[in-house]
Amino acid sequence: SINRCGPDDGEIDLEVYSAEKSSKQAAHIASEIYTLYHGKPFEAAGIKFNTVIVREVTKPDRSIFAWMVNVKIFCQGV
């Protein structure tokens, strides 16, 4: 925000990787992140983020070396 007037928005993308044979571990970690952050306010750098929404947890995607799940979080601070 300009001069600490108005809300501060934040977009966070967390990528979860797992080298296991199945996607189960990556999906489990992503679901734990969802549980830890969705709807739970936090404070960082002196800004309190009251609105915390996990917008998307993607389905596991396999690359050559690992499974990957992306967790997209939106937060709005005051």
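Predicted model: local features only at pLDDT ≥ 70, side-chain atom pairs only at ≥ 80, totals over all residues.
Colleague: Start with the strands. Which strand does β1 pair with, and by how many bridges?
Modeller: β1 is joined to β5 by eleven bridges, and the two run antiparallel. One of the pairs is E11 with F74 in β5.

Colleague: And how many bridges join β3 to β5?
Modeller: Seven, again with the strands antiparallel. V57 has V71 as its bridge partner in β5, and E56 has K72.

Colleague: What about β4?
Modeller: Strand β4 covers residues 61-62 and is joined to β5 by two bridges, running antiparallel. D61 pairs with M68 in β5. β4 and β5 make a hairpin, with four residues between them.

Colleague: Where does β2 go, then?
Modeller: β2, residues 42-44, runs antiparallel to β3, residues 47-57, with three bridges between them. F42 has F49 as its partner in β3. β2 and β3 also form a hairpin, with two residues between them.

Colleague: Which residue in that turn has a positive phi?
Modeller: A45, at about 55°.

Colleague: How far is F74 from E56?
Modeller: Their C-alpha atoms are separated by 9.6 Å, and the two residues are 18 apart along the chain.

Colleague: N70 next. Why does it count as buried?
Modeller: N70 lies in β5. Its relative accessible area is 10%, so it falls under the 20% cut-off for buried.

Colleague: What is N70 in contact with, beyond four places in sequence?
Modeller: D13, L14, E15, E56, V57 and T58.

Colleague: Which residues of α1 are buried?
Modeller: A26, A30 and I33 are buried in α1. They cover an arc of only 55° around the axis, which puts them on the same side of the helix.

Colleague: Why would residues spaced like that point the same way?
Modeller: An α-helix has 3.6 residues a turn, so residues three or four places apart point the same way.

Colleague: And what is on the other side of α1?
Modeller: K24 and L36 are there, and both are exposed.

Colleague: What covers the buried residues of α1?
Modeller: The cover includes β1, β3 and β5.

Colleague: Now the largest nonpolar core. How many residues, and which have the most contacts inside it?
Modeller: It has 13 residues, and V16, V71 and I73 have the most contacts inside it. The elements giving two or more residues to this core are α1, β3 and β5. β5 gives the most, with five residues.

Colleague: What does I73 touch, outside its sequence neighbours?
Modeller: Not counting residues up to four places away, I73 touches G10, E11, I12, L14, I33, Y37, V52, I53, V54 and R55. I33 is one of the buried residues of α1.

Colleague: Last one, S18. Where is it, and is it buried or exposed?
Modeller: S18 is in strand β1, which covers residues 8-18. S18 is buried, with a relative accessible area of 2%.

Colleague: Which side chain does S18 make a polar contact with?
Modeller: Its side chain has a polar contact of 2.5 Å with that of Q25. Beyond neighbours within four places in sequence, S18 is in contact with Q25, A26, A66 and W67. Of these, A26 is among the buried residues of α1.

Key. Residues numbered from 1 in each chain as written. Heavy atoms only, no water. Buried < 20%, exposed > 50% of the residue type's maximum accessible area, 1.4 Å probe, protein only. Polar contact = N/O pair within 3.5 Å; in protein donor to acceptor, adjacent residues only side chain to side chain. Contact = heavy atoms within 4.5 Å. Pairing = 2+ DSSP bridges. Arc of directions from axis to C-beta. Core = buried A, V, L, I, M, F, W, Y, C linked by side-chain atoms within 4.5 Å.
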